[in-house]
Amino acid sequence: MGDMNIWGIIAQPFGWLFRLCYTDVLGYAFAIFMFTLIMKAILIPLSVKQKKGTLKQYALKPREDAIRKEYKNDKDKMNKEIMELYQKEGFNPAGGCLPMFLQLPIIMVLYQVIINPLTYILKMPHADINSLAKAVEIGDKFTQIPLYNQILLKADSLKATFPEIMANFREINFGLFGLNLSEVPSITHMSWILIIPIISGLASFLSSKYTMKYTPTGDQNAAGTTKSMMYMMPVMSVVICFSVPAGVGLYWIISTLLGIAVEWALNRKYKPLEILEKARAEAAISNNQKKKIEKAKRQTVKVETEAPRVAGKSGQKPAAKAAVSLPAGKKVSYKFEEDPEIIAAIKAHNAAIDLANGITPEIDDSAETERLEEIQTAEMASEVIGTSADELPTEIPGTEVLEELVEEEK
């Protein structure tokens, strides 16, 4: 029970801090509170790093969800695309877990300090603790608290047997509002100490509930898993608190509540849900822009005209028809065009856009009027407002307009 191991060596500085927090007047409960509060403050940088990793994941989630949806029937392609997205954005999915893993050994050390008051509060040597454990005939226990209780019960006889060892022994104030924190809660022994496991379960439930609120899920299976954990963790917390001294349960309660407070402060500062919604909005805009490009491709107006006849072996032959494509929703300059029919078509195209936006266009001749009627008949005027003026470049004749739009989208 008192043997020094690797955890015992690492726990020495933490034990010094715990001993510093303990006073006989304020007691063991106050020491646990102050000790846990200080350690939570020390671990805040790791919590911040973990939160920033989570925020990065939130920002990428809409694009990741889009990839999962697009390649849902091809898992290899889906995983490849997701990893490429992570590499492009400089995100390491394991990076957010690293701070949590770093905290685990620290938490284990803190736990060792809490459950071994003879070593870390009374500062008794390990050899003396082992001698007293043999004298009271108590085996190797998970904590030193049961040993402390036995030593307290047999203090008089032990003082006669081990006067030098017992000179270093004193009573520890385990009291908290009439509760004895050295007692192990039991459903067979009804007492107020049972409130410790109950509060521990409630604290764990609040923590899981709050975490779930700020944890978006991408599918129903993940949502079901998260919901299951929300109820499983409180149950486990209650079960554990029924198997250890109430002081350990108090530590778990304080640690959980302080964890909620830290998480609330970080969420208030970094606003993860706002980041997620912004990322979703940006993804939706990007998706709409892609749709509008496809729409623009479908809505281009192709104008074909007869080019002048050219001389050939068998006389005059018509050359290939000249053609120009006009993207819907954007006026096009015609100052570089020479073909009157194409110029008329572009003017009519621009006039159709004016009509769609409630502007009365100026019609120069019957050719433009005829072309405008053709566009209106094809319901182009009702479609041109589908692409905003900011999305297409101006002063570019012919098909180059659509090509530049595609390049901008890339």
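# Notebook: surface, rings and charges in a predicted chain

I began with the accessible surface of the protein chain, which comes to about 23,800 Å², with 58% of that belonging to carbon and sulfur atoms; the areas come from the Shrake-Rupley method with a 1.4 Å probe, and for residues only the protein chains shown count as cover. I note that this is a predicted model, in which local features need pLDDT of at least 70 and side-chain atom pairs count only at pLDDT 80 or more, while totals for chains, interfaces and linings use all residues. Residues are numbered from 1 along each chain as its sequence is written, and side-chain values use heavy atoms, with hydrogens and water left out.

**Entry 1, overall make-up.** I looked up the secondary structure and found 17 helices and six strands in the protein chain, where helices (H or I, at least four residues) and strands (E, at least two) are DSSP runs numbered from the N terminus. Of the 410 residues, 38% are buried; I use buried for under 20% relative accessible area, exposed for over 50%, and partly exposed for what lies in between (1.4 Å probe, protein chains only). Taking contacts between residues at least 6 apart in sequence, I noted that 67% join residues at least 24 apart, a contact being heavy atoms within 4.5 Å.

On the surface I found a nonpolar patch formed by Met229, Met232, Met233 and Met236, with about 340 Å² of accessible area together. Patches are made of residues with over 30% relative accessible area and no salt bridge, with like charges joined within 9 Å and nonpolar side chains (Val, Leu, Ile, Met, Phe, Trp, Tyr) within 5 Å. Met229 is found in helix H12, residues 220-241, and is partly exposed, with a relative accessible area of 37%.

I then turned to Thr119 in helix H6 (residues 117-120), which counts as buried because its relative accessibility is 8%. Leaving aside neighbours within four places in sequence, I find Thr119 in contact with Arg19, Met124, His126, Ile129 and Gln144.

I count rings of Phe, Tyr and Trp (its six-membered ring) as a pair if their centres lie within 6.5 Å, and I call planes under 30 degrees apart stacked, over 60 edge-to-face and the rest tilted. The count by this rule comes to seven aromatic pairs. Phe18 and Tyr28 make an edge-to-face pair, because their planes stand at 80 degrees, with the ring centres 5.9 Å apart. This pair links distant parts of the chain, 10 residues apart, with Phe18 in helix H1 (residues 6-21) and Tyr28 in helix H2 (residues 27-42); Phe18 and Tyr28 are both buried. Tyr148 and Phe169 form a tilted pair, 5.7 Å centre to centre with 35 degrees between the planes. Here Tyr148 lies in helix H8 (residues 145-153), and Phe169, 21 residues apart from it, lies in the loop between helix H10 (163-166) and strand S1 (175-176). Which residues do ring pairs link into a cluster? I wrote down Phe18, Tyr28, Phe35, Tyr148, Phe169 and Phe174.

Phe177 has a positive phi, near 50 degrees, in the loop between S1 and strand S2 (179-180), and is exposed, with a relative accessible area of 83%. Lys271 also has a positive phi, of about 50 degrees, and is placed in the loop between helix H13 (246-270) and helix H14 (272-298).

**Entry 6, salt bridges.** A salt bridge here is a side-chain nitrogen of Lys or Arg within 4 Å of a carboxyl oxygen of Asp or Glu, and the count by this rule comes to six. Lys51 forms one with Glu263, the closest N and O atoms being 2.6 Å apart. That pair joins helix H3 (residues 44-70), which holds Lys51, to helix H13, which holds Glu263, across 212 residues. Is Lys51 buried or exposed? Lys51 counts as buried, at 7% relative accessibility, whereas Glu263 is partly exposed at 26%. Glu64 and Arg68 also meet in a salt bridge, at 2.7 Å from N to O; both lie in helix H3, four residues apart, about one turn of the helix. Glu64 counts as buried at 9% relative accessibility, and Arg68 is partly exposed at 35%.
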